[in-house]
Every structure is written in C-alpha cells, then in structure tokens.
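Visitor: I'm new to reading protein models. Please walk me through one, a feature at a time.

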Amino acid sequence: YLGVHSSCVEQNGNGVLFAAGRNSGKTICMLNLMNNGFNSVTNDKIALKYNGQQMVGYGIAQSVSIRLSPEFCAQPENQKYVKLALERGIDIKNQNMLEGNNIVLNDNELADLNNVNQVFDTSISCIITPTYDPYIDKPVFQRLKPEQVRNLIVDQYMSLVHDTTIFFRDIHLGEEINRNITLDNVINIPSYSCRQNENTTREFTDTIRKLVLKK
C-alpha cells in the first residue's frame, strides 16, 4: 500500500483523486463534486494499491474541517453548511476575509448532508492537483507528464502507520518493492493540474465528467 495525502470522490466506479499540499483546494474540489452527485471516499489520506489490473484507492476515515469563509458561505449550494453551523452555534461572521470559522464533520455526516454514499474503495480513474486561483472565470486544466505525476505522489507520500506507535512497530504494510510497483503504475493514470475557484464550480464539474471520466 502507498499512502498519499489526498481527497477522493467516486461516481459510477470512477475515482477522482485530488493530490496536493495543504490549502490548495482539495477539500473544496471534493465538496464541489459531492454537490453534483459524486460519492465520498476520503478527505485527507488514501491507501493506493495496484492489483495487477487497476489502481485501487482505499479510503481512510478522517473528519473534514470546512472553512466557512465569506466566499464559501455566499455560494447557494453551500447553504446547507451555513445552516448546520448556525444550528451548532458556530459564528460565521468573519472579521478576517481570508480566514473563517470551521465546521467539522465526520465522513458519515458529510455524505448524509450531501445525499450521497460513503464508498470505502474505488478504482482511480484520474488524478487532479488543484491550485486556488481567485483571478480566473473558468477552470484551467493541463495534462501532467509521467515524471510530474511521480514527483507529485512522492511529495504527498504519507505513512499509513504513525512512526511512534509502539504497538505497530513490527507490523509491515508491504515491502518496498510493492510500494514501488504501485508508484510505477500511478504514473499511467491520466493526471492534470487544475486552477479553480468558487466561481468555476459548474465548468469544473462538467470538465471532470467530459474530459477526465469520459462522461
């Protein structure tokens, strides 16, 4: 298994993996697609394994912290989060326009709120590395070269067992050669960089379906 810092959603057996550093828009991209019927797989970490035919991603349960920025709260499709935040007594009146209070949801709560399913594993059909760009009016996709994909996954590698967990010290999740086989096959997955923001949601979703998932 290869642990990767990423979020992931699924529709019709096609998994979309968002891999990038923190504050790049992975969660927002995930929420945008869930608003449009994609199922939840994972928010922050996934275990990848090549089974000889396809790359399979196994979701790792973690809570999602959603930043309630003014831009996020202004979107009609996000009013469900605003309503829930108010019910929980979370103040969404932000003095700092770049920040915002957060609402924390577990995987089941997030799926239920969006009327979608929580999927525990999926075939990975594409990889997106998002970048938040407030100055564009439509999303910009660019195909990544294999070496760029390899570097992306290596940069976002995450250990699947905490190094200081004594109980798991002698448990091995896979030999190095198996992780390398998985990594070698990751670079064959169609992968794209994507610049996006709150105002590009519709075209972003359409592009994922048409360009990446061939829908």
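**Reading the features**

Guide: Let's start with helix α3: its face turned away from the buried side carries Lys83, Leu86 and Glu87, which are exposed. Buried means under 20% relative accessible area, exposed over 50%, and partly exposed in between (1.4 Å probe, protein chains only). Helices (H or I, at least four residues) and strands (E, at least two) are DSSP runs, numbered from the N terminus.

Visitor: What sort of model is this?

Guide: It's a predicted model, where local features need pLDDT of at least 70 and side-chain atom pairs count only at pLDDT 80 or more, while totals for chains, interfaces and linings use all residues. Residues are numbered from 1 along each chain as its sequence is written, and side-chain values use heavy atoms, leaving out hydrogens and water.

Visitor: How many helices and strands does the protein have?

Guide: There are 7 helices and 10 strands. Of the 215 residues, 46% are buried.

Visitor: Back to α3. Which of its residues are buried?

Guide: First the idea: an α-helix has 3.6 residues a turn, so residues three or four places apart point the same way. In α3 (residues 79-87), the buried ones are Tyr81, Val82, Leu84 and Ala85. They sit on the same side of α3 because they span an arc of only 165 degrees around the axis (the arc is that of the directions from the helix axis to the C-beta atoms). These buried residues pack against α1, β6, α2 (70-73), β7 and α4. After α3 comes Gly89, with a positive phi near 75 degrees.

Visitor: And which residues of helix α5 are buried?

Guide: In α5 (residues 146-155) they are Val149, Leu152 and Ile153. Their arc is only 90 degrees around the axis, which puts them on the same side of α5.

Visitor: At what angle do α1 and α7 pack?

Guide: Two packed helices are described by the angle between their axes and the distance between the axes. Here α1 (residues 26-34) and α7 (residues 201-212) pack at about 80 degrees, with axes 10 Å apart. Axes are lines fitted to C-alpha atoms, for helices over the stretch in contact, and angles run from 0 to 180 degrees between N-to-C directions. So α1 and α7 are roughly perpendicular to each other (under 35 degrees is roughly parallel, over 145 roughly antiparallel, 65 to 115 roughly perpendicular, the rest oblique). Cys29, Asn32 and Leu33 of α1 make the contact with Thr201, Phe204, Thr205 and Ile208 of α7, where contact means heavy atoms within 4.5 Å.

Visitor: Last, the loops. Where is Asp133 found, and is it buried or exposed?

Guide: Asp133 is in the loop between β8 (121-132) and β9 (140-143). At 14% relative accessible area, Asp133 is buried. Leaving aside neighbours within four places in sequence, Asp133 is in contact with Arg195, Gln196 and Asn197.

Visitor: Where does Asn12 lie?

Guide: Asn12 lies in the loop between β1 (2-11) and β2 (14-19). Its phi is positive, about 55 degrees, although Asn12 is not a glycine. Asn12 counts as exposed, at 61% relative accessibility.
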